[in-house]
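Please read the following report alongside the sequence and the structure shown here.

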Amino acid sequence: MTGKLYLIPAPISSEDIAWVLPPAVQQRIAEIAYFIVEHPKTARQFLKQINSKYALQELNMQTLNEHTLAQDLLALLDPLLAGHDVGLLSEAGCPAVADPGAGLIRLAHKNNITVVPLVGPSSILLALMASGLNGQCFAFHGYLPIESAARTSKILELEKLSISRDQTQIFIETPYRNQKLLGQLMSVCSDNTDLCIASHLTFSSELIATKPIQQWRRSLPDINKIPTIFLLHG
């Protein structure tokens, strides 16, 4: 019998963990002794909050991040193939969604390992829920190009797609470049295009607002270095 691979959404804020993870989910995570994590230090901090049944130094942790090679993924399944349940834990939010993990999960399926997604915070879905934009048809694009001309071209492309498909376009940026991206959206997008800015989700300082570009131009929020989801609909 193989173990089960549990996909664990990590909190995206420093607020009370009970706000984002149900007690039953915390209890299940607390029973797991084997983990695949992005960063062991922050993973242990998280597991300490949920009162793991094991001493933190006893937990078995393997690392999976953007530097992990594809040929090294199979070895990460060894505890599962030996019959141990394993938790896949990213730094914040949901594993394999704008975070490492998809390749490992695909391998788990190929090896007939049961994959169990646990309930928890997803900044992308939280932002979409609260935006008031089309939640029936949407696309997540991750990070836009860094180079200015390429990013302008991409923004225009997404704006056209949103109109032609009635589709909400969702994207993110490295927090310290948020303000620059916001300024570019102001200069590139049409006056009547709707933009939702969803910042610091699940924090007490959470900001979620949807306005036409024309209204945003009058007063822009300071989202420099603040984790933010951008949602666009022309």
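## A strand residue and a surface patch

F138 has its place in strand β6, which covers residues 138-143; helices (H or I, at least four residues) and strands (E, at least two) are DSSP runs, numbered from the N terminus. With a relative accessibility of 36%, F138 counts as partly exposed, where buried means under 20% relative accessible area, exposed over 50%, and partly exposed in between (1.4 Å probe, protein chains only).

Together with L125 and M129, F138 makes a nonpolar surface patch of about 320 Å². Patches are made of residues with over 30% relative accessible area and no salt bridge, like charges being joined within 9 Å and nonpolar side chains (Val, Leu, Ile, Met, Phe, Trp, Tyr) within 5 Å; the areas come from the Shrake-Rupley method with a 1.4 Å probe, and for residues only the protein chains shown count as cover.

## Basis of the model and overall layout

This is a predicted model, in which local features need pLDDT of at least 70 and side-chain atom pairs count only at pLDDT 80 or more, while totals for chains, interfaces and linings use all residues. Residues are numbered from 1 along each chain as its sequence is written, and side-chain values use heavy atoms, with hydrogens and water left out.

The protein chain has nine helices and 10 strands, and its C-alpha atoms fill a box of roughly 60 × 35 × 30 Å, taken along the principal axes. Of the 234 residues in the protein chain, 44% are buried.

In helix α2 (residues 40-49), the buried residues are A43, F46 and L47. Seen down the axis of α2, these buried residues fall within an arc of 95°, so they line one face of the helix; the arc is that of the directions from the helix axis to the C-beta atoms. On the face of α2 turned away from the buried side are the exposed residues K41 and K48.

## Salt bridges

There are seven salt bridges, each defined as a side-chain nitrogen of Lys or Arg within 4 Å of a carboxyl oxygen of Asp or Glu. One of them joins K154 to E157, with the closest N and O atoms 3.6 Å apart; because K154 and E157 are three residues apart in helix α7 (residues 148-165), they are separated by about one helical turn. K154 is partly exposed at 22% relative accessibility, and E157 is partly exposed at 39%. In another bridge, the side chains of E173 and R177 meet at 3.4 Å, N to O, and both E173 and R177 are buried.

The side chains of R217 and D191 also meet in a salt bridge, at 2.5 Å from N to O. R217 lies in the loop between α9 (213-216) and β10, and D191 in the loop between α8 (178-188) and β8 (194-199), so the pair ties together parts that are 26 residues apart in sequence. R217 is partly exposed, with a relative accessible area of 37%, and D191 is partly exposed at 36%. Elsewhere, salt bridges that share partners join R28, E31, K53 and D85 into one network.

## Aromatic rings

The structure holds one aromatic pair, formed by F171 and F230, which is stacked at 5.8 Å centre to centre with 10° between the planes. Rings of Phe, Tyr and Trp (its six-membered ring) pair if their centres lie within 6.5 Å, and planes under 30 degrees apart count as stacked, over 60 as edge-to-face and the rest as tilted. The pair links distant parts of the chain, since F171 is in strand β7 (residues 168-172) and F230 in strand β10 (residues 228-233), 59 residues apart. Both F171 and F230 are buried.
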